[in-house]
Amino acid sequence: GGNILVNIFSGPAVNAARGVAVQLNGAVQGFVTNFMTAVNPQITKSYAAGDKEYMFSLIRKSSRMSFYLLFLIALPIIFNADYLLGIWLKEVPAHSSSFVILFLIFALSESMSNPMITAMLATGNIRNYQLVVGGIQLLNIPVSYVLLKLGAVPEVTVIVAIVISQICLFARLAMLSEATGFPVLKFLEDV
């Protein structure tokens, strides 16, 4: 939806800048995905075995580690986005570096949620979870549309996604707490 909105309001050149940022973000997120591939079965297994304390510990630790791993990769890119894009592309589209930075911040935000998603899937009670979190995520399109219609910069589509990601993080925490007794305050303290 964000690509369509950016294309409608800002044209294909800015949409190309967004595409470059999405491509770079995908490469960086691959590292966290590989890390979570090792952790996900342990979260599911500990839930199935009834070892909730171990599962809670895994969620906290893997959320923190996912964030740190991504942060170590993202930080140099954030501070050198213009330079790196100049090396990578002959002609750097306008808005590219700001899209890259915002997508990396979005990825950092999402990285903390991945272990909670795995835990919710392990419970098998995913209908309400998907309705709530998916419904919140769908707000990205209408909110971005309204802001773009009011004259906001094209990057607002990613800024809205970051804000919604944080709202979804708290929705996930609440739903995981309800489903498993997950200690939300301990997560907020540790992560």
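1. In which helix is the place of asparagine 34? Asparagine 34 sits in helix α2, which spans residues 12-48. The model discussed here is predicted.

2. Is asparagine 34 buried or exposed? Its relative accessible area is 55%. The cut-off for exposed is over 50%, so asparagine 34 counts as exposed.

3. Between asparagine 34 and valine 163 lie 129 residues in sequence. In space, the two are 25 Å apart, C-alpha to C-alpha.

4. Now the overall fold. The chain has ten helices and zero strands. Read along the sequence, the pattern is α-α-α-α-α-α-α-α-α-α.

5. Extent and burial come next. Along the principal axes, the C-alpha atoms fill a box of roughly 55 × 35 × 25 Å. Of the 191 residues, 40% count as buried.

6. Serine 62 belongs to helix α3, residues 52-79. Its relative accessible area is 3%. Buried means under 20%, so serine 62 counts as buried.

7. Which residues does serine 62 touch, leaving aside those up to four places away in sequence? They are Phe35, Met36, Val39, Ile43 and Pro115.

8. Helix α7 covers residues 127-138, and helix α9 covers residues 156-180. They pack at an angle of about 165°, with their axes 9 Å apart. Angles over 145 degrees count as roughly antiparallel, and α7 and α9 are therefore roughly antiparallel to each other. Their crossing is right-handed.

9. Which residues form the contact of α7 with α9? From α7 come Asn128, Tyr129, Val132, Val133, Ile136 and Gln137. They meet Ile164, Ile167, Cys168, Ala171, Arg172 and Met175 in α9. By class, this contact has nine nonpolar, two polar and one charged residues.

Note on methods. Residues are numbered from 1 along each chain as its sequence is written. This is a predicted model: local features need pLDDT of at least 70, side-chain atom pairs count only at pLDDT 80 or more; totals for chains, interfaces and linings use all residues. Side-chain values use heavy atoms; hydrogens and water are left out. Axes are lines fitted to C-alpha atoms, for helices over the stretch in contact, and angles run from 0 to 180 degrees between N-to-C directions. Helices (H or I, at least four residues) and strands (E, at least two) are DSSP runs, numbered from the N terminus. Angles under 35 degrees count as roughly parallel, over 145 as roughly antiparallel, 65 to 115 as roughly perpendicular and the rest as oblique. A crossing is left-handed if the near helix is turned anticlockwise from the far one by less than a right angle, and right-handed if clockwise. Contact means heavy atoms within 4.5 Å. Ala, Val, Leu, Ile, Met, Phe, Trp, Tyr, Cys and Pro count as nonpolar, Asp, Glu, Lys and Arg as charged, and the others, Gly among them, as polar. Buried means under 20% relative accessible area, exposed over 50%, partly exposed in between (1.4 Å probe, protein chains only).
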